Amino acid sequence: MNKVISNMRALCPVSDETVNTLLAKVEPCRYPKKYQLIQENRYCKYAYFIEKGMTRSFWLVDGEEITTSFSSDGGIVFSMDELYYNKPSEEFVETLEEVEAYKILIPDLINLFTTNIELSNWGRIIHQNEYRRLHRSHKERLTLPAKERYKEFKKQFPDVCRTANLGYIASYLGITPSTLSRLRAKE
C-alpha cells in the first residue's frame with residue numbers, strides 16, 4: 001500500500017501506528033479491466049484504496065453512461081450513498097485498466113473514521129478536495145467553452161488524458177467525442 005500511504009501522508013500527518021491500524025483492516029485484491037467495483041442499486045460493502053491502476057465513476061442516464069469522476073494510483077473509491085446514508089449506490093465504478101487495490105469493509109472504514117483522528121482528518125481532506133473538484137467542474141461546465149474545459153481537465157487529470165477512452169473524457173466534459181477529437185487535433 002505504498003502509493004496509498006504516500007498519498008495519505010501528502011495530504012495530512014499520518015503516524016506509523018495509524019498506518020498499521022489501517023493495514024490490519026484491508027485486504028489486497030486485483031481486478032481486470034472493465035470490472036465493476038461498484039454497481040448502481042446495490043450494496044458493495046467495500047471501499048477500495050487504489051494502489052495501481054485507474055477507475056472511473058459514472059451514472060447511467062436513459063441508457064447513456066455519464067462519467068462523473070476518475071481515480072488512480074493512491075486514490076480511494078467507494079459509494080458515498082453506502083458510506084454516509086446506508087443506501088445502495090446511485091453510480092457505478094469500473095476499472096479502466098487492471099487494478100491493484102486494497103479493500104476495506106465499509107463498517108470498518110466508518111469505525112476508523114470515528115475512532116482515529118488522523119484517519120478522520122484524512123477523510124475530511126479527501127472530501128474537501130472532492131467537493132472542490134465537483135464545484136469547479138460544475139462551474140466550468142456552465143461557464144467555459146469546450147476548449148477551456150478540456151485545458152482544465154488536462155491539468156487536473158494528466159494520467160487520464162494519456163490512457164482513458166476519449167468517450168469517457170468527453171462525457172465528463174459534457175461534449176461530444178468528435179468535439180474532443182477536434183480539440184486534441186489542434187494541440
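Please keep in mind that the model is predicted.

I begin with the aromatic rings. A search of the whole structure finds 13 aromatic pairs. Consider Y31 and Y35 as an example: their ring centres are 4.8 Å apart and their planes meet at 25°, so this pair is stacked. Y31 is buried, with a relative accessible area of 10%, whereas Y35 is partly exposed, at 36%. These two tyrosines also belong to a cluster, in which ring pairs link Y31, Y35, Y46 and Y48.

A second pair, F70 with F153, is edge-to-face, with 5.8 Å from centre to centre and 70° between the planes. Which parts of the chain does this pair link? F70 lies in strand β5, residues 64–72, and F153 in helix α6, residues 146–156; the two are 83 residues apart, and the pair thus links distant parts of the chain. F70 is buried, with a relative accessible area of 7%, and F153 counts as buried as well, at 1%.

Rings are also met by a charged side chain. R56 lies over the face of F58, at 4.0 Å from the ring centre. R56 also lies over the face of Y168, there at 3.7 Å from the ring centre.

I turn now to the nonpolar cores. The largest has 24 residues, and the members that touch the most others are L22, F49, I76, I104 and W122. Which elements each supply at least two residues of this core? They are the helices α1 (2–11), α2 (16–23), α4 (106–115) and α5 (117–143), together with the strands β3 (46–52) and β8 (99–105). F49 illustrates how these parts meet: leaving aside its neighbours within four places in sequence, F49 is in contact with residues including V4, L22, I76, I104 and W122. There is also a second, separate core of 18 residues, and Y168 is among its members, as are I169, Y172 and L183.

Finally, I come to helix α5. This helix has 27 residues and reaches 38 Å from its first C-alpha to its last, close to the 39 Å expected at 1.5 Å a residue. At the N-terminal end, α5 is capped by N116, with a side-chain oxygen 3.0 Å from the backbone nitrogen of E118. Which residues of α5 are buried? They are L119, W122, G123, I125, I126, R133, S137 and E140. In general, an α-helix has 3.6 residues a turn, so residues three or four places apart point the same way.

Definitions and conventions: Residues numbered from 1 in each chain as written. Predicted model: local features only at pLDDT ≥ 70, side-chain atom pairs only at ≥ 80, totals over all residues. Heavy atoms only, no water. Phe/Tyr/Trp six-rings, centres within 6.5 Å; stacked < 30°, edge-to-face > 60°. Buried < 20%, exposed > 50% of the residue type's maximum accessible area, 1.4 Å probe, protein only. Helix = DSSP H or I, 4+ residues; strand = E, 2+ residues; numbered from the N terminus. Lys NZ or Arg CZ within 6 Å of the ring centre and 35° of its normal. Core = buried A, V, L, I, M, F, W, Y, C linked by side-chain atoms within 4.5 Å. Contact = heavy atoms within 4.5 Å. Expected span 1.5 Å × (residues − 1). Polar contact = N/O pair within 3.5 Å; in protein donor to acceptor, adjacent residues only side chain to side chain.
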